[in-house]
Amino acid sequence: MDRAHGSPLVIDCDPGVDDAIALLMALAAPELDLRGLTTVAGNVSLPEVNRNAARVLDLAGAPDDLPLVSGLDGPIARTRRVRDEPVHGEGGLGGVHLPPSKRRFHDAHAVDWLAAQALAEPGTLTLAAIGPLSNVAMMVRRHPEAAAALREVVVMGGAAFVQGNTTPAAEFNFFADPEAARLVVESGPAVRIVGLDVTRAALFPPQAAERLASMSGAAGVAGRMLDDYGRRAQARSGLAGFPVHDALAVSAVSHPRLLGWEAGQATVECAGTITCGALVADLRSPGRPRNIRMACSVDAEGFAALLSERLSGYAR
Ligand code: BDR
Ligand code: CA
């Protein structure tokens, strides 16, 4: 498929190993037409996120003029910062050190740039949000007409019917900026949620990461990141594989049939001292109001095969 005929996509991210893998997937997907990248503080601080994003674009051989736009350095309504460095390793990329990048950041702020992109092509642009939802929420608040012009927002976040990964109730992206998550889920445009409910059901086999790590070029680098990230994830979980959350969210855009979807009514808990950041989704009987579609099942083998195939394509 000609990339120009792929589905127009912008990714808001906080790389992060699984963000980096999601970017490599998006850039290798003929089904997608990646229009640019916005960054948000999350797994690591904003300067580190920006450094990692630029270096990963170089690794993928992305065009020099692909827009890269810096965004918010923390949550929209809190002074606290939550980082996920223990999960992503030193520097945020699984201990892998990529060469410095000469890429320049766009002059605009991510919030305004996202709005301009949405308004330029009403009803066509998908936004994949794979970090805390600070930028997206601020766009919804400041530019509601732009949010309404998006085709949809695909969110990696939340843990509705399984345990969280940052607290028992909350997943990292929602816990890092709960007010933003609530704003996007409740008042945003069409939202599809890819939460831990499915990312934990689509574990990537460590043998596949090792195979990638033995390859040349960017495939090998991606494999080494995954190997490091997977080892630490498996040490915590004791499971036979590990989730690659953000890559599954991008695959939900390129390959929506990998997932089973249910419509429902959702919100995010912001006040609870123990449950802050919890995604509360009501998928009960038809006839109730619905504001989201949530991924409830996944073709785990299909996802692992897609991830391996697309990353192997980076071997030189
Ligand atoms: C999410 O949090 C981060 O650790 C990952 O990059 C992913 O976006 C998973 O809970
Ligand atoms: Ca992320």
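Predicted model: local features only at pLDDT ≥ 70, side-chain atom pairs only at ≥ 80, totals over all residues.
Two packed helices are described by the angle between their axes and the distance between the axes. In the pair formed by helix 1 (residues 17-27) and helix 11 (residues 217-237), the axes come within 10 Å and cross at roughly 150 degrees; because angles over 145 degrees count as roughly antiparallel, helix 1 and helix 11 are assigned to that class. The crossing of helix 1 past helix 11 is left-handed. On the side of helix 1, the contact involves Val17, Asp18, Ala20, Ile21 and Leu24, and on the side of helix 11 it involves Ala222, Met225, Leu226 and Tyr229. Sorted by class, this contact comprises eight nonpolar residues and one charged residue, with no polar residues.

A second pair consists of helix 5 (residues 134-142) and helix 8 (residues 178-187), whose axes come within 8 Å and cross at roughly 50 degrees, so that helix 5 and helix 8 are oblique to each other. Helix 5 likewise passes helix 8 in a left-handed crossing. Here Ser134, Val136, Ala137, Val140 and Arg141 of helix 5 meet Ala180, Leu183, Val184 and Ser187 of helix 8, and the residues of this contact divide into six nonpolar, two polar and one charged.

Helix 10 (residues 206-213) contains the buried residues Pro206, Ala208, Ala209 and Leu212. Viewed down the axis of helix 10, these buried residues fall within an arc of 160 degrees and therefore line one face of the helix. An α-helix has 3.6 residues a turn, so residues three or four places apart point the same way. The buried residues of helix 10 pack against helix 11 and helix 13 (300-312).

Definitions and conventions: Residues numbered from 1 in each chain as written. Chains lettered and ligands numbered in written order. Heavy atoms only, no water. Axes fitted to C-alpha atoms, helices over the stretch in contact; angles between N-to-C directions. Helix = DSSP H or I, 4+ residues; strand = E, 2+ residues; numbered from the N terminus. Parallel < 35°, antiparallel > 145°, perpendicular 65-115°, else oblique. Left-handed = near helix turned anticlockwise from the far one by under 90°. Contact = heavy atoms within 4.5 Å. Nonpolar A, V, L, I, M, F, W, Y, C, P; charged D, E, K, R; others polar. Buried < 20%, exposed > 50% of the residue type's maximum accessible area, 1.4 Å probe, protein only. Arc of directions from axis to C-beta.
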